[in-house]
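Dear colleague,

I am handing over the structure below, together with a summary of what was found in it. Please read the summary alongside the coordinates.

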Amino acid sequence: MENRHSRRDFIKLMSMGALAGLSLGSLSCTKAGREEFLQKHFHEMTETEKKQVIRRLEEKYLKKYGKQVQISTQPAEAGTLWGYGLDLSRCIGCRRCVYACVKENNQSRIHPQLQWIRVIRLKKGSLINLENAEHYYNPETVPEPGFMYMPVQCQQCENPPCVRVCPVNATWKDPDGIVVVDYNWCIGCRYCMAACPYKGRVFNWAEPNLPAGELNTEVHYLGNRPRMKNVVEKCTFCIQRVRQGRYPACVEVCPTGTRKFGNLLDPNSEIRYLIENKRVFRLKEDFNTDPKFYYFFSA
Amino acid sequence: MEAWRFFKKTVNMVFIGTKAYYLWCAFLLTVIGVAVIFYVQQLNAGLIVTQMRDQVSWGLYIGNFTYLVGVAAAAVLLVIPAYIYHFDPIKEIVVLGELLAASAIIMALMFVFVDLGRPDRFWHLIPFIGSLSFPKSLLAWDVIVLNGYLVLNTIVPIYILVKIYFGAEPNKKFVIPLVLLSIPWAVGIHTVTAFLYNGLAARPFWNASILAPRFLASAFCSGPAMAIIIFQILRKTAGMKIKNEALFKISELIAYSMFINLFLLGAELFKEYYTGTIHLAPLEYLYQGLHGHHSLVPWIWSALFMNVTAFVIFLIPKTRENLLTLNIGSLFIIVGVWIEKGLGLIVPGFIPDPLGEIYEYMPNITEISISLGIWAFGLLIFTLFMRIAIPIQRGDFIHSRFMKPTSRPQYERIEP
Ligand code: SF4
Ligand code: SF4
């Protein structure tokens with residue numbers, strides 16, 4: 001085993017030499033830059049290697065943002081499978097969830113502005129055909145008569161097409177059902193974006209623009225740690241929170257109680273109650289993606 | 001000794017030529033230089049310098065990639081008619097076809113490479129070293145079949161050329177199986193590339209079973225059309241002997257393929273328009289415009305016009321066998337299929353996006369310059385390949401022990 005590892009490392013070193021010319025200006029020749037370049041897939045790192053990576057990243061963030069960041073790698077807890085409920089009859093389209101998410105999850109603020117939740121406005125009377133959905137509605141006050149609002153984010157599919165297509169396994173479904181991305185492994189091919197039927201993924205087309213003052217320092221390696229340019233990212237149900245027993249930020253902030261969250265494996269959870277007692281549906285169920293995101297109308 | 005001589009002569013052939021040759025190479029190098037500047041900028045700033053966005057996350061690069069995979073596939077498939085109809089210089093056509101395929105594949109791979117956000121992590125795609133997700137991801141399949149195809153299409157011509165250089169007949173037992181292997185492989189690369197898009201349920205425009213057959217049919221048009229032009233250029237500039245009849249035969253084949261291509265297009269249009277479900281939207285965007293967005297409409301109609309015109313030209317023996325109309329037809333097909341399979345295939349896949357948003361994509365100067373640079377690079381390596389391959393095949397560039405004092409090389413200026 002040890003032997004195999006060192007041989008792999010050797011091959012990697014060789015390939016690094018061969019590819020150094022290709023990587024041009026995007027890499028620095030510092031020790032940290034070299035380590036970053038050679039960093040293994042998250043699943044292939046030993047615990048010590050993970051610790052080293054965390055230390056390196058924390059140093060990097062300290063330098064960049066002047067703040068000590070706590071990067072967790074807390075794994076999924078056995079017996080959990082996270083599910084989400086969204087009450088369409090309550091949503092007023094205020095987009096507070098969108099901005100709470102941006103803040104919690106350290107998205108790029110402007111140029112480009114990245115958002116994991118999209119709230120679309122639909123004329124009453126049509127729900128499934130999204131072709132007339134209004135993405136950039138901007139009235140003085142919400143809600144508006146004659147319209148309903150539908151927030152959409154990554155639906156954490158149990159059968160996720162985005163994971164199937166990734167050519168390098170940079171994205172996968174963790175045991176608690178959360179689909180995550182290793183930002184240091186993603187090659188930025190954007191195949192997953194083409195495959196997702198819900199627009200659940202967004203891309204860092206440029207270096208993220210995150211003011212140091214607004215950095216959330218409680219982060220998870222597979223979740224809201226600051227990202228780099230040209231990698232893909234997505235909603236993780238706030239992995240950094242839910243694995244510590246807290247609610248996702250969007251659930252907490254919603255002023256109307258539209259958003260519900262819980263463990264699908266726990267028969268007493270709120271989400272299980274909703275599924276059993278409300279008439280829930282999932283978006284584009286005909287795709288067989290088996291989302292763990294349930295829409296319903298309480299009234 | 002001999003190796004050194006080979007090397008010296010090769011360098012001579014590459015660096016010394018006619019004025020037209022110099023101009024051509026200088027032109028290509030300039031285009032490449034401009035592309036490098038833009039690419040460095042793209043590396044530094046990120047893909048934000050392109051017009052691609054979350055809604056339309058692939059664009060001109062991936063469109064060119066798709067088109068070139070088709071050219072690469074078809075270039076090799078030319079070998080079949082060459083054998084069936086006994087085109088005169090079969091060996092030359094095999095070598096030429098495979099070198100054209102190799103150049104096209106190199107270009108195709110470069111297009112994928114410039115499209116990658118993180119080229120520094122390119123090694124993640126290398127089997128065993130990185131973690132190539134084979135067989136789950138179709139992109140992983142494509143990486144494997146394309147690279148295999150590249151190797152196949154460089155081994156065969158190099159082997160044949162080296163043999164000829166040493167004055168020996170290429171060993172048929174070695175060459176024929178490889179050439180035969182490259183034929184299904186050519187079909188394979190194009191099918192896998194079609195499946196890359198085809199396998200995405202989220203994109204109804206691509207998720208139609210007609211996609212792979214249409215890919216093949218249109219490739220059988222654009223690849224041979226390119227060959228017709230290249231054969232004529234080489235006939236003029238390098239004295240390659242190829243008869244008009246061979247060109248006419250190829251154009252006849254194009255007519256059949258174009259018929260199938262247009263037929264499949266008709267089948268697609270019928271199904272979408274007659275049923276008129278919400279899956280019609282991308283086609284509507286492409287051919288008519290959708291909710292006031294119609295930037296691709298003029299493009300696709302020009303493509304259709306060019307393809308139909310070329311079909312008629314190639315169908316009628318009189319126009320097919322006239323070099324002028326033949327060339328017009330070929331150019332029409334090269335451009336027409338490029339539009340149809342480049343922007344016309346990739347962009348509508350994303351419009352409207354899965355949540356119904358419409359973002360109109362048109363490549364900007366960065367994407368256009370980088371794309372032109374890759375095309376120029378491909379043409380440059382193909383030119384250099386030809387520069388060496390043709391004299392070897394003609395017997396002008398051979399092992400020193402065969403050089404008779406009387407045999408005058410045709411390239412006056414090549415001899416130092
Ligand atoms: S919604 Fe999209 S990004 Fe989220 S798991 Fe499903 S396919 Fe993947
Ligand atoms: S963009 Fe990243 S996560 Fe998505 S498919 Fe490509 S490598 Fe995988």
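I begin with the ligands. Ligand 2 is surrounded by residues of chain A: Cys166(A), Pro167(A), Val168(A), Thr171(A), Cys186(A), Ile187(A), Gly188(A), Cys189(A), Arg190(A), Cys192(A) and Val232(A). Sorted by class, this shell comprises eight nonpolar residues, two polar ones and one charged. Please bear in mind throughout that the model is predicted.

Around ligand 1 there are 13 residues, and the closest of them are Cys154(A), Gln155(A), Cys157(A), Cys162(A) and Cys196(A). The shell of ligand 1 divides into nine nonpolar, two polar and two charged residues.

Next, the interface. Contacts between the two chains involve 58 residues of chain A and 51 residues of chain B. Together the chains bury about 4800 Å², and carbon and sulfur atoms account for 59% of this area. On the side of chain A, Glu131(A), Tyr191(A) and Trp205(A) contribute 16% of the area buried against chain B, more than any other three residues.

As to open space, the largest pocket holds about 1200 Å³. Its lining consists of 43 residues, with Trp24(B), Leu28(B), Ile233(B), Leu379(B) and Thr383(B) nearest the centre. Two or more lining residues come from each of α2 (19-45), α3 (60-77), α5 (90-115), α8 (211-237), α13 (323-341) and α15 (365-394) of chain B. Of these, α15(B) provides the largest share, twelve residues. The lining of the largest pocket has 35 nonpolar residues, seven polar and one charged.

The volume of the largest cavity is about 170 Å³. Among the 16 residues that line the largest cavity, Phe205(B), Arg214(B), Glu268(B), Glu340(B) and Leu345(B) lie nearest its centre. The elements of chain B that each supply two or more of its lining residues are α8, α9 (244-275), α10 (281-287), α13 and α14 (343-349). The greatest contribution, four residues, is that of α8(B). By class, nine of the residues lining the largest cavity are nonpolar, three are polar and four are charged.

Thr10(B) sits in helix α1 (residues 2-15) of that chain. Thr10(B) counts as buried because its relative accessibility is 13%, below the 20% limit. Beyond its neighbours within four places in sequence, Thr10(B) makes contact with Ile388(B) and Phe397(B).

With kind regards

Conventions:
Residues are numbered from 1 along each chain as its sequence is written. Chains are lettered from A and ligands numbered from 1 in the order in which they are written. This is a predicted model: local features need pLDDT of at least 70, side-chain atom pairs count only at pLDDT 80 or more; totals for chains, interfaces and linings use all residues. Side-chain values use heavy atoms; hydrogens and water are left out. Buried means under 20% relative accessible area, exposed over 50%, partly exposed in between (1.4 Å probe, protein chains only). Contact means heavy atoms within 4.5 Å. A residue is near a molecule or strand if one of its heavy atoms lies within 4 Å of it. Ala, Val, Leu, Ile, Met, Phe, Trp, Tyr, Cys and Pro count as nonpolar, Asp, Glu, Lys and Arg as charged, and the others, Gly among them, as polar. On a 1 Å grid over the protein atoms alone, a cavity is a set of points where a 1.4 Å probe fits but cannot get out, and a pocket is an open set with protein on both sides within 12 Å along at least five of seven lines; lining residues have an atom within 4 Å of a point. Grid points are joined across faces, edges and corners, and a volume is the space filled by probe spheres set on the points. Buried area is the accessible area (1.4 Å probe) that two parts lose on being put together, summed over both.
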